[in-house]
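The paragraphs below go through a two-chain model, one region at a time. Please keep the sequence and the coordinates open while reading.

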Amino acid sequence: MVDVAIIGGGVIGASVAYALCRYDLSVILLEKENDVALGATRANSGIVHAGYDPPPGSLMARLNVDGNAKMPALCRDLDVLFEPCGSLVVAFGPKEDAVIRTLYERGVKNGVPGLSVVDRPGVLSMEPNLSPEVTGALWAPSAGIVNPWDLCIAMCEVFIRNGGEVRISSEVTQTESSDDGWILHLPNGRVRARYVVNTAGLYSDEVHAQVSPPDFRILPARGQYFLLDKREGERVHRVLFSCPSEDTKGVLITRTAHGNLIVGPTKESVPDKEDTATTAEGLAEIRKKALRMVDSIRFRDNIANFSGIRANTDRDDFIIRAVPGVNHYVEAAGIKSPGLASAPAIGEYVVDRLREIGLSTVQKQSVTDHPDALTRRVVRFNRMTDEQRAALVVSDPAYGRVVCRCETVTEGEVLDAIRSPLPARTLDAIKRRTAAGLGRCQGGFCGPRIAALLAEELRIPPTEMIKDRPGSYIFTGPTKGGPDEI
Amino acid sequence: MKSDLVIIGAGPAGLAAAAQAYKEGVRDILLLERDNEPGGILNQCIHNGFGLHIYKEELTGPEYAERAFRELDETSVRFMPDTMVLSVSPDRRISAVSRTEGLIRIEAGSVILAMGCRERTRGAISIPGDRPSGILTAGAAQRYVNIEGCMVGRRVVLLGSGDIGLIMARRMTLEGARVLACVELMPFSGGLTRNIVQCLQDYDIPLLLSHTITGIRGRKRLEAVTVSKVDESLRPIPGTETELDCDTLLLSVGLIPENELSRGAGVELDPRTGGPTVTDDTQTSVPGIFACGNVLHVHDLVDNVTLEARKAGRAAARFLFSATREDIAETKDVRSSKKSPDPSARPVLRLTSDENILYTVPQAFSSELSDQTVDIYFRVKKILRDCDILLVDPDGTVLRRVYREYMTPGEMEKLTLSSSMLTARSARSLTLTIRPGEETSHD
């Protein structure tokens, strides 16, 4: 029997786990996939929105501005890549200038700090590569960019280090009420919990339906992206949004936390929550819109296209509440954009809801005694000075072998990922933790080396190696006359 | 530490450059290799066909690498494997890292860039669709199959007809896989004719010219690809789609010189080759930094890499010795030479080319042509038959004219000139131009 079971290991579930791990509680996080951060957290723009978009007075507005304010310190504590680069919504023409003024006023009402409307020369001096046809922009200095997967993984790792459990490949198929709480049915067993938190993202409506008649519906919205070589990363210096309007949905152009240029997304409603395909039409549309803003983007330096599915709903706001008429059950559902920016605030907001329905929270002695208990440090060779690198290799020679040449990731970092509290078991899991394979050669060089390291560490034959989900095998067997035959 | 000559990369280019520089009298040579053995990509090229020009016999890739490495026996070249170069500065300061040596800083008298190239990926051509496993570049597949001993699939489609792709089509077939088709966007193959014959035709693998892949299906492992015909502007033609069930898609869609370090060193790059702009002695725009092999431009034959690398080794030696002579009064130390020849002081003869030519290497000639002859390497953009290749100066004088019956983009062309012909010119530029007799798409 645990005190709290969290269903869903995206950035929202992780933020709840992170918020709970300081208290003297037993908590388990259940994830249906073979790693955390595989839903909407996996593929999105990575923007820490400032908070001028949501309607004033909404929960979204409040949590966005609050989460945005908490993000820098959180990322510092967790050693997550974050850059407070600010954002510009750029306008072309008087109609869009008016939209920007509306956004400005909304932002001021929402309490967004530092907002200002910049004129044409102002915005061109900030972003010289913008089209000279720009007429003005909304400048939001508090916006930023973050690595969403790493934020999720880091919170989970700290949660585990403080006594929490993350159980992967554990889809909750049935939620049964019991005298003292809940029984969650998993493919391989059951978990009993006094309280349950539903942070199942795209599936939060289905998980909700296990305990109560559905009163909202997830409307999956696909967003397609281009990810360009780091060489293009300097094309813009801040997050650039095109102006939203009635007839066209905006796109954004920004550097990612890793230094690439990301361009996207589309916004298409798709019936299938797993349909992360890209389409020729979708990509062409993004390209066209982006080039209207910055015509010098070199799309020939594209290194990957991908899609993410956002958990949009038929509601205007986030749905974060103790589910009415259901005991000991809280949900954070339909966390659409700006969900990532809001995440640092959502965890604590959910804990408040749990308290309201009776969960008692007493800080752990171990956390009181060791403030560092809630922080994390990782080795990132490519971000170090030569002096730091020299010392690092002396401490462990594995950091002296570079396995991923594009992102300069060392064998030591890959081993760290495999041996971490939330161990990487697939090539993509290593990519999310270390950036190895994320670069311009897309794993062509490091793939074989990392596969060999994984096989050795996990003591599995290479043929059992998978890229991502179960079934995404990499090898079909040994070659003729391979080591098995000799 | 200090070194007269640092060579980055111990593939065929780095190995030949090192051997040549030693022959020219350079003794303090450091050869840095990120892998644990020399040879570079040759180690995974277990097929034969290497060395016909250089060693006068047909070798496999590993055999060629071994020959090239053995040329360093009895020399003072210091080979450092498992060493990754992290940066090169314009004043030739190198930082590198290795397990055994830790972080290494080297002040180099001269540098030869020989890092090779990398493969273009699915992203570079934005193939839409799902993102399953089973989609990989031909070179990565080659490593898995030939070095790791792991089969990457059973039913294979190949996109692109570059040489590595063609070789892998045969290799996969010999390993028991079924290669359903080689799909090529262009109306001609980008590979060597001999590979089309020996790797596709000999195994009845269809070559679908003017086709491309417009869809990928499979959420876990690849299940199928959509193949479409393309029009003359290379756009997919709606209605021509066919789906091929396969578990593997190999990509052979181009190679890009690996110039991240060159860029950091401030070396000027040629957008056509993707490699440094060089003069005939392989010197880049940064004095004392030379480039050879696939980091300079993508070669068709390793023999040509070796020849180019020897030129680089010679030129680096010359650079070191001339720097020494100039500085001898002040210091005897080659490395502390601050008096690098000023590139603006070197009058150069620019080489331009017409629209039939994809690129030329070199892009310019230095005024001090020290070899008897100079070679111009170039590739054409499309298949050309019965044409004259002309080297002309601005007033229209034809310096050299040669006839070619057939030229294809997959094969590198070479034009050899005598140096005296160039040194006598007063013009600042020359143009390489082709007068085709007749052109066809493909037969």
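What percentage of the 443 residues in chain B do buried residues make up? Buried residues make up 53% of them, where a residue is buried if 20 or more other C-beta atoms lie within 10 Å of its own, exposed if 12 or fewer, and partly exposed in between, with C-beta atoms placed from the backbone. This is a predicted model, in which local features need pLDDT of at least 70 and side-chain atom pairs count only at pLDDT 80 or more, while totals for chains, interfaces and linings use all residues. Residues are numbered from 1 along each chain as its sequence is written, and chains are lettered from A and ligands numbered from 1 in the order in which they are written.

Chain B contains nine helices and 28 strands; helices (H or I, at least four residues) and strands (E, at least two) are DSSP runs, numbered from the N terminus. The radius of gyration of chain B is 23 Å, close to the 22 Å given by the globule rule for 443 residues, so chain B is as compact as a globular protein of that length. That radius is taken over C-alpha atoms, and the rule is 2.2 Å times the number of residues to the power 0.38. The C-alpha trace of chain B spans about 75 × 60 × 40 Å along its principal axes. Of the contacts in chain B with a separation of 6 or more, 66% are between residues 24 or more positions apart. Two residues are in contact if their C-beta atoms, placed from the backbone, lie within 7 Å.

E21(B) pairs with strand E23 of chain B (residues 364-366) in the antiparallel sense, over three bridges; two strands pair if DSSP finds at least two bridges between them. In this pairing Leu349(B) stands opposite Phe365(B).

Chain A is assigned three domains: domain 1 (2-41 + 149-216 + 316-368), domain 2 (81-146 + 218-313) and domain 3 (381-464). Such bounds come from an automatic or database domain assignment. The C-alpha centres of domain 1 and domain 3 of chain A lie 30 Å apart. Between these two domains, 11 residues of domain 1 are in contact with eight residues of domain 3. Helix H5 of chain A (residues 148-161) gives the largest share of the domain 1 side, six residues. That side has seven nonpolar, one polar and three charged residues, with Ala, Val, Leu, Ile, Met, Phe, Trp, Tyr, Cys and Pro counted as nonpolar, Asp, Glu, Lys and Arg as charged, and the others, Gly among them, as polar.

Helix H8 of chain A, residues 339-356, bends by about 45 degrees at Ala345(A); the bend at a residue is the angle between axes fitted to the seven residues ending there and the seven starting there. H8(A) is largely enclosed by the rest of the structure, because 13 of its 18 residues are buried. Gly358(A), which follows H8(A), has a positive phi, near 110 degrees.

Chain A also has an open sheet of three strands in the order E3-E8-E4, with antiparallel pairing. Strands E3 (47-48) and E4 (82-83) are at its edges with a single partner strand each, so one side of each is left without a neighbour in the sheet. Two bridges join E4(A) to E8(A), residues 144-146, and Glu83(A) stands opposite Ile145(A).

Ile286(A), in helix H7 of chain A, is buried, with 23 other C-beta atoms within 10 Å. Beyond its neighbours within four places in sequence, Ile286(A) has contacts that include Gln224(A), Phe226(A) and Val251(A).

The last region is the interface between the chains. Here 47 residues of chain A are in contact with 42 residues of chain B. Elements of chain A that each supply at least two residues to this side include helix H7 (280-293), strand E18 (302-313) and strand E23 (477-478). The chain A side divides into 21 nonpolar, 17 polar and nine charged residues. E23(A) pairs with strand E11 of chain B (residues 150-151) in the antiparallel sense over two bridges, and Gly477(A) stands opposite Met151(B). Val402(A), in strand E21 of chain A, is buried, with 28 other C-beta atoms within 10 Å.
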